[in-house]
Amino acid sequence: MQHFISPVLWQFLIHWLTNFAIFPPEASTIAPYADALYFFLVFISIVGLAAVALLVVTFSIRYRKEVSPHATQIEGSTLLEATWTIIPLILFMISFVWGALLYFRIYSPPPNAMNIYVVGKQWMWKIEHPGGQHEINALHIPIDQPVQLTMISQDVFHSFSIPAFRVKREVIPGRYNTVWFEATKPGVYHLFCTQYCGTLHSQMIGWVYAMTPQDYQAWAAGSTSGNSLAQNGERLFASLGCNSCHNSTPNAHGPNLGKVYGSRVQLTNGQFITVDGAFLRDTILNPTLHEVAGFAPIMPTYQGQVSEEGLIDLVEYIKRLDSQYRIEQTIENSAQQPVQTGTSPSGTSAPELAPGMVKQ
Ligand code: HEC
Ligand SMILES: [Cu+2]
């Protein structure tokens, strides 16, 4: 066979087949469910294809001109019409209900999912772990632990895909999108951009390292940049002057941000909205988008002043503000020493706020 086709093509085919490019391993909790539905659809399609092909062949032999030169006109058959309506209806309803159940499974992240941030840009994936580990075109995750990715693009549309986990989600500029999965097998898996995003789109690829929880802990401890995202956010909060309005003083111009994450706030139009990462990001860039009731709309926009990574830092910081404790500390820190951006002044990084810690 290799004599008839080009050696390069031959190598390519062999490589492709041996690496299961068509069918990646099932390495997440979702994968077997997604594959079951997929195989069901393939099976139904094959049965349908076989039935049609069989009938075409049988009828063309059985009713060929020599055997039946004159056509018989059938004016309608309720039984036949009912059969070809009801059987497909049942099949489509099964696919619909099955698909809907799978959809809910895929789109509802477990509440204990750990959150990792992904920033897509031409042409790389930047990964940020809350502990301050930064990676490019690589994603380290523990197995047997739900992981949620909060993703955003810095430029054009991208799409984040890990075939072995059967996950794929659009990564869009200006909006957080999330996807979750739980890896089941340690291993190294492909990571792709599956949205044509420019000339070097094909290089926007990387590897997912699924590790045992112990290995992951060891990796995380050894790869941190020293500051958690929240600590970076704390410094940004001070250097951008957020704390001039958002502080605990009685006549503060801005609302109290302690415990704001996950709470329901009322807007000036009477609507209630639950504060999530997307809300925080929108508010910083576009404060008039949802104005919080009871405050004058004086917050300036920070459009163009903070990078996507900076916004992630701020979001992580505000997310962890269980009380006013951290905000006051920021104020004290910024009063004591000028904030040096880019460097990590040791001593300004307060210890992680324990849950329930209150100001005193
Ligand atoms: C000049 C004062 C001022 C500054 C500076 C300011 N804000 Fe605000 N902020 C406000 C006011 C007033 C509101 C409420 C009205 C509104 O939503 O526009 C608000 C609302 C918010 C909210 C929504 C609060 C809620 O209760 O849901 C967040 C989050 C926020 N600001 C974050 C920030 C961050 C982060 C910065 C710095 C990058 C910042 N603000 C800088 C005045 C300010
Ligand atoms: Cu891309």
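View 1. The model is predicted, so local features need pLDDT of at least 70 and side-chain atom pairs count only at pLDDT 80 or more, while totals for chains, interfaces and linings use all residues. Residues are numbered from 1 along each chain as its sequence is written, and chains are lettered from A and ligands numbered from 1 in the order in which they are written. Helices (H or I, at least four residues) and strands (E, at least two) are DSSP runs, numbered from the N terminus.

View 2. Helix H5 covers residues 229–239, and ten of its eleven residues are buried. A residue is buried if 20 or more other C-beta atoms lie within 10 Å of its own, exposed if 12 or fewer, and partly exposed in between, with C-beta atoms placed from the backbone. Among the buried residues of H5 are Leu229, Gln231, Glu234, Arg235 and Phe237. After H5 comes glycine 241, whose phi is positive, near 80°. The axes of H5 and H7 come within 7 Å and cross at roughly 100°. Axes are lines fitted to C-alpha atoms, for helices over the stretch in contact, and angles run from 0 to 180 degrees between N-to-C directions. On the H5 side the contact includes Leu229, Asn232, Leu236 and Phe237, and on the H7 side it includes Ile312, Asp313, Leu314 and Tyr317. Two residues are in contact if their C-beta atoms, placed from the backbone, lie within 7 Å. The residues of the contact between H5 and H7 divide into seven nonpolar, three polar and three charged.

**View 3. The five-stranded sheet and the edge strand E4.** Five strands form an open sheet in the order E4-E10-E9-E6-E7, and their pairing is mixed. Strand E4 (138–142) and strand E7 (167–171) stand at the edges with a single partner strand each, so one side of each has no neighbour in the sheet. From one strand to the next, the twist averages 20°. E4 runs parallel to strand E10 (residues 206–211), and five bridges join the two. Two strands pair if DSSP finds at least two bridges between them. Leucine 139 stands opposite valine 208 in E10. Helix H4 (residues 213–223) packs on the sheet, where H4 touches E4 and E10, and the direction of H4 makes about 130° with that of E4.

**View 4. Strand E6 between its two partners.** Four of the five residues of strand E6 (residues 158–162) are buried, which leaves the strand mostly covered. E6 and E7 run antiparallel and are joined by five bridges. Isoleucine 162 faces valine 167 of E7 across this pairing, and serine 159 has glutamate 170 of E7 as its bridge partner. The hairpin of E6 and E7 has four residues between the strands, and arginine 166 in this hairpin takes a positive phi near 60°. Strand E9 (residues 187–193) also runs antiparallel to E6, with two bridges between them. Phenylalanine 160 stands opposite cysteine 193 in E9.

**View 5. Threonine 274, with the chain as a whole.** Threonine 274 lies in strand E12 (residues 272–274). The residue is exposed because its C-beta atom has 10 others within 10 Å. Arginine 264 is ten residues from threonine 274 in sequence, and their C-alpha atoms are 4.3 Å apart. The chain as a whole has eight helices and twelve strands. Of its 360 residues, 24% are buried. Among contacts between residues at least 6 apart in sequence, 71% join residues at least 24 apart.

Key: Ala, Val, Leu, Ile, Met, Phe, Trp, Tyr, Cys and Pro count as nonpolar, Asp, Glu, Lys and Arg as charged, and the others, Gly among them, as polar.
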